[in-house]
Amino acid sequence: MESVAEFHVPGLPTPCQTWYKVFGNLTSATPLIVLHGGPGACHGYLLPLTDLTPAVPLIFYDQIGNGRSTHLPDKAGDEEFWSIDLFKKELDNLITHLGLENRPIDVLGHSWGGMLAVEWAAASPKAANLRRLVLSNSLSSIETWFSGLTALRKKLPQDVQDVLDRFDKTKDFDNPEYQAAVDVFYQRHFSLVRPWPPKEVQDVLYWFGQDTTVYGTMYGPTELYISGSLRNWTAMPLLSRIKVPTLLINGTDDESQDVTVQPLFQHIEKAKWVTLDKATHFSHVDQRERYMKHLMSFLRGEGSA
């Protein structure tokens with residue numbers, strides 16, 4: 001099933017539309033709502049999760065400003081508008097639209113989607129029906145995330161590091177030389193699948209190229225230069241409020257390094273942490289079979305969390 005949910009945003013003259021797609025029968029088992037990363041990466045790169053169907057009904061959606069949902073390019077740079085609260089309300093609205101407000105639900109957030117999932121799970125009244133939470137390749141704070149990125153960056157070839165450093169100063173991030181240097185980083189830490197880029201990475205880069213409004217406003221001009229509204233974000237005050245079983249997943253070569261996952265493990269009461277070797281930020285692509293095995297086991301309540 002594929003459709004849109006009307007989403008009324010204060011200050012906008014007409015309702016926005018949140019595009020979503022359901023795989024499986026929502027009444028057959030506890031559905032898993034999938035929150036994509038970016039912000040702005042859209043749902044497509046997470047479609048390997050359909051390996052879980054039909055046992056697990058899945059709900060994918062493109063967050064407002066992205067993909068097949070309403071785009072608002074005139075809001076570029078408006079940090080007050082592109083708030084985490086906006087996306088929490090959009091998720092609440094989708095849950096209501098699908099008639100799930102009084103039913104148990106599971107939520108998986110990947111990367112930025114994990115940040116959103118933490119904020120939502122800790123504060124939204126709709127989270128009262130949250131059964132299980134998955135924070136995949138995500139982070140506890142921008143500070144620890146950037147610390148991990150910096151450590152990875154220092155392992156790049158020296159000539160690549162020099163290019164990145166030079167353009168950090170000039171801020172000419174559209175320069176092909178800079179883009180080529182960033183691509184070296186991506187090939188090491190986005191996905192290890194070859195030939196490069198795999199279709200999931202292509203999907204993300206396509207949508208980033210189509211509309212940079214949300215990513216540029218909230219994160220920054222590039223993965224390695226964080227200047228947007230999320231620049232000081234931290235989950236630390238929220239983590240003790242998350243009481244449901246929570247699965248943490250990252251990869252050994254992930255942008256989401258252990259330094260940013262460890263606080264999630266320490267401060268979420270019922271957390272289980274799995275690190276996949278030979279895996280990067282797209283662990284669900286690099287180690288697809290193992291990733292799905294861990295995820296299915298967790299959703300079924302097998303083992304402790």
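**The surroundings of a histidine**

Mentor: Leaving aside residues up to four places away in sequence, His 36 touches Ala 41, Cys 42, His 43, Tyr 45, Leu 46, Tyr 61, Asp 62, Gln 63, Asn 66, His 110, Trp 112 and Gly 113. A contact here means heavy atoms within 4.5 Å. This is a predicted model, in which local features need pLDDT of at least 70 and side-chain atom pairs count only at pLDDT 80 or more, while totals for chains, interfaces and linings use all residues. Residues are numbered from 1 along each chain as its sequence is written, and side-chain values use heavy atoms, with hydrogens and water left out.

Trainee: Where does His 36 lie, and is it buried or exposed?

Mentor: Helices (H or I, at least four residues) and strands (E, at least two) are DSSP runs, numbered from the N terminus. His 36 lies in the loop between strand 3 and strand 4 (58-61). Buried means under 20% relative accessible area, exposed over 50%, and partly exposed in between, with a 1.4 Å probe and protein chains only. His 36 has 1% relative accessibility, so it counts as buried.

Trainee: Which backbone nitrogen lies 3.0 Å from a polar atom of the side chain of His 36?

Mentor: That nitrogen belongs to Gln 63. A polar contact is a pair of N or O atoms within 3.5 Å; within protein, one must be able to donate a hydrogen and the other to accept it, and residues adjacent in sequence count only if both atoms are side-chain atoms.

Trainee: How many disulfides are there?

Mentor: A disulfide is a pair of cysteine sulfur atoms within 2.5 Å. By this rule the count is zero. For Cys 16, the nearest cysteine sulfur is that of Cys 42, 15 Å away. Cys 16 is buried, because its relative accessibility is 1%. Cys 42 also counts as buried, at 1% relative accessibility.

Trainee: How should I read a helix?

Mentor: An α-helix has 3.6 residues a turn, so residues three or four places apart point the same way. The expected span of a helix is 1.5 Å times one less than its number of residues. Helix 10 (residues 288-299) has 12 residues and reaches 16 Å from its first C-alpha to its last, close to the 16 Å expected. Its buried residues include Tyr 291, Met 292 and Leu 295. The buried residues of helix 10 pack against several elements, among them strand 7 (246-251), strand 8 (271-276) and helix 9 (283-286). Gly 301, which follows helix 10, has a positive phi near 80°.

Trainee: Which residue has a positive phi of about 50° although it is not a glycine?

Mentor: That residue is Asn 137, placed in the loop between strand 6 and helix 3. Asn 137 counts as buried, because its relative accessibility is 0%. Lys 171 has a positive phi of about 60° and is likewise not a glycine. With a relative accessible area of 46%, Lys 171 is partly exposed.

Trainee: How many helices and strands does the chain have?

Mentor: The chain has 10 helices and eight strands. Buried residues make up 57% of its 305 residues.
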